[in-house]
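This report describes how the parts of one model are arranged. It takes the sheets, the contacts and a few single residues in turn.

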Amino acid sequence: MNPRNTPTLSGWGRLPAPGVEKLSEDLERLTRGAALTRGLGRSYGDSSLPAKADDLVAGSRMADRILGFDPETGVLRAEAGFSLVELNRLFMPRGWFSPVTPGTKFVTLGGMVASDVHGKNHHVEGCFGAHVRSLRMRLADDSIVDCGPDQEPELFDATVGGMGLTGHILEVEFALARIPSRWIHMESERMPSIDEFLAGLGRAAPAFPMTMGWIDCLRRGRSMGRGILMAGRWAEASEAGELAPRAAHPLTMPVDLPNLAINDLTVAAFNALYYWKHLRRRATTLVAPDPFFYPLDAILEWNRVYGPRGFTQYQCVIPRQAGAPAVREFMDLLTKLGGASPLCVIKDCGPEGRGMLSFPLEGTSIAVDMAVSPEIQSIVDRLNEFVIAAGGRIYLTKDRFTRPEHYRAMEPRLERFLAAREKYDPHRRLRSGQSVRLLGDVA
Amino acid sequence: MKAVILGGTTGIGRAIARRLAERGDSVFLLAREVDDLTRSAEDLTARHPKRESVGHALCDLERPEGFAAALDAADAALGGFDAVIVTAGLFATQDALEADIEFTRRLVTVNYANTVVFCEHARKRLLTRGGGRLAVFSSVAGDRGRKPVAIYGSSKAGLSVYLEALDHKFHAQGLSVLCVKPGFVKTGMTAGLKPPPFAGEPEQVARDVVRAMDRRRPVLYTPGMWALVMLVIRWLPRFVMRKINF
């Protein structure tokens, strides 16, 4: 624990590290000499935390201007601190949406590139980086360069999913996608077991551009992996009607709940309610984009439900070659290890993108929130050992507990990334808590 | 509204400019750097589907000789403006100001003398066309002499008195003067300071300011809680003010 007066920063999982972030509208000036840039702090672990207390952390969220929008092509250029909340608010009514959106809209464009975020449409559209046309960056030597898929491609590929370790992202240019309406046509289905779930995901993928599932991760035995599969597409204008979705008025979690609030009993009760709320086996509904894409954004600061102990998310992808048995075994291990949480999400991923450390690969991604407990390190270790054996990998944006030897074992692409880093930042001026932990940077 | 905003590229000024642009009002930006102006103008242009590009001109509160030309440029671009908003100003902590006499001179000159001069240029133009709206950022710091804001607060106190008098004098001629008194707002200006309770966000302050301009109110405390806080502070006896560090 830190003494009360030491300022700290923390990720979404609320495990603090000593440090302060500097904020300014002038990101170009602010990033000069900075060790790390940080957006809205939604990465769960230590990827947006400083390696040591006096490292300069540049906060990008005040650098939030749109620098150009072409209403013909949908190409948007903006400063890196421009957020998805603003993007949706301004452009959804005009018939445009981000080509890829993660599960929260409280993210900046810079963060979306650094994490190379994916969404429910990964099997069709790939990651966010696949839609980026150009980046302006400040490199470790303080020079400013532009890069893109065809310009300085090595820098671009290392930066997309590179967790901010190749340079500070100042500006992002990408193409928005046209949407026919402001509503989602959603088909949902209760799935009684993991095998049926995987088969359902497989059936839904070719039929729907967006798929994902929620799993009751407390169930064992025959109903292990039961949950609700959600598949959707943008509704056509004729289906959606004239009505615009109501503006969301999020509630705010006012206090930290006690550590004990999330336990096996409360989670089991929540999960049973959530599962059986879906009374009919199959349902077709028209839903607004916010509850479809961002169900958790309805409660601001929801991370406080885990209490002062904090939490982490374990997200991995099991490659398709390992097959359904591997996913079943993983679920078996996960439920055996415990670490109850109401949030467990499963998703079919499409092929790997060009980002050197980009997370998704063709297979099944599983994400589960876990409260921090004395056993958390050994739980993560056990899961990682399984994932390594299955040929999968973890998502750095969520990670706080993976050991460096495990990360190296699951990441054959690391050598290429480290070579790019050697070229663009030979003195390792750019670093984070995560790069110290996983890549051996000096704090 | 056809509004000129001095300081509209950053902080609360940026939030006000966005709010006006998004609801379809015409906006013209004044600030100190060309690159900053062109970027903000592009931002505002993109925020409304049917907007013509937003105009801008250089204007620096430290260079009063440029005020007239900047306002003329705004007038030409907007076809006669009917609202002028001033959010620009200098800020530093009391410790920093006590350590730097030259910056103290610059700050009181900009925040009081030059802001008054700018407002004089603006209100004369507004009055020739039958009035309009003038909204200027003073501060809660100008409500009472206080230890942590002795110098900054005095520059804002002078400005507040000037704005009140303008309102008295020209109200009948159609000029509505709004003296904005923000409390602590989380902007680039206050970045690095520890936010007190009731610290505001720029978007929230911008919403309050635009609403107060629409309703032609003379004084606005924002966030609203500061009206109550300053009411108490204004009535505290001198011996108490000597003791406390607020």
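Helices, of at least four residues, and strands, of at least two, are DSSP runs numbered from the N terminus. In those terms, A:Pro295 is found in the loop between helix H9 (289-293) and strand E18 (299-300) of chain A. The model is a predicted one.

A:Pro295 is partly exposed because it has 14 other C-beta atoms within 10 Å, and a residue counts as exposed with 12 or fewer and as buried with 20 or more. A second residue, A:Ala207, lies in helix H6 (residues 194-207) of chain A. Is A:Ala207 buried or exposed? A:Ala207 counts as exposed, because 10 C-beta neighbours lie inside 10 Å.

| Pair | Apart in sequence | Apart in space |
|---|---|---|
| A:Pro295 and A:Met163 | 132 residues | 25 Å |

**The domains of chain A**

Chain A is divided into domain 1 (66-179) and domain 2 (184-408). Between the C-alpha centres of domain 1 of chain A and domain 2 of chain A there are 24 Å. Their contact takes 25 residues from domain 1 of chain A and 25 residues from domain 2 of chain A. On the side of domain 1 of chain A that touches domain 2 of chain A, helix H4 (122-125) and helix H5 (153-159) of chain A each supply at least two residues. Which of the elements gives the most to this side of domain 1 of chain A? H4(A) does, with three residues. By class, the side of domain 1 of chain A that touches domain 2 of chain A holds nine nonpolar, 12 polar and four charged residues.

**A sheet in chain A**

In chain A, five strands form an open sheet with antiparallel pairing, in the order E6-E7-E11-E9-E10. Strand E6 (66-69) and strand E10 (144-147) of chain A are the edge strands, each pairing on one side only. Neighbouring strands of this sheet are turned against each other by 10 degrees on average, direction ignored. Strand E9 (residues 132-138) and strand E11 (residues 168-175) of chain A run antiparallel and are joined by six bridges. Opposite A:Arg136 stands A:Glu171 in E11(A). Strands of a sheet pair through backbone hydrogen bonds, either parallel or antiparallel.

**The sheet of chain B**

Chain B has an open sheet of seven strands with parallel pairing, in the order E3-E2-E1-E4-E5-E6-E7. The edge strands, strand E3 (55-58) and strand E7 (219-222) of chain B, each pair on one side only. From one strand to the next the twist averages 15 degrees.

Strand E1 (residues 2-6) of chain B is mostly covered, with four of its five residues buried. Five bridges join E1(B) to strand E2 (residues 26-31) of chain B, and the two run parallel; B:Ser26 in E2(B) is the bridge partner of B:Lys2. E1(B), helix H1 (residues 11-22) of chain B and E2(B) together make a right-handed β-α-β unit.

E1(B) also pairs with strand E4 (residues 83-86) of chain B, in the parallel sense and over four bridges. There the bridge partner of B:Ile5 is B:Ile85 in E4(B). E4(B) in turn is joined by four bridges to strand E5 (residues 132-137) of chain B, and the two run parallel. B:Val84 stands opposite B:Leu134 in E5(B).

Helix H5 (residues 101-128) of chain B packs on the sheet, where it touches E1, E4, E5 and strand E6 (175-182) of chain B. The direction of H5(B) makes about 170 degrees with that of E5(B). Helix H7 (residues 202-214) of chain B lies across E4, E5, E6 and E7 of chain B and runs at about 165 degrees to E7(B).

**Between the chains**

How many residues of chain B are in contact with chain A? 11 residues of chain B are in contact with 12 residues of chain A. On the side of chain B that touches chain A, the residues divide into three nonpolar, four polar and four charged.

Technical notes:
Residues numbered from 1 in each chain as written. Chains lettered and ligands numbered in written order. Predicted model: local features only at pLDDT ≥ 70, side-chain atom pairs only at ≥ 80, totals over all residues. Domains from an automatic or database assignment. Contact = placed C-beta atoms within 7 Å. Nonpolar A, V, L, I, M, F, W, Y, C, P; charged D, E, K, R; others polar. Pairing = 2+ DSSP bridges. Right-handed = clockwise from strand over helix to strand, strands pointing away. Axes fitted to C-alpha atoms, helices over the stretch in contact; angles between N-to-C directions.
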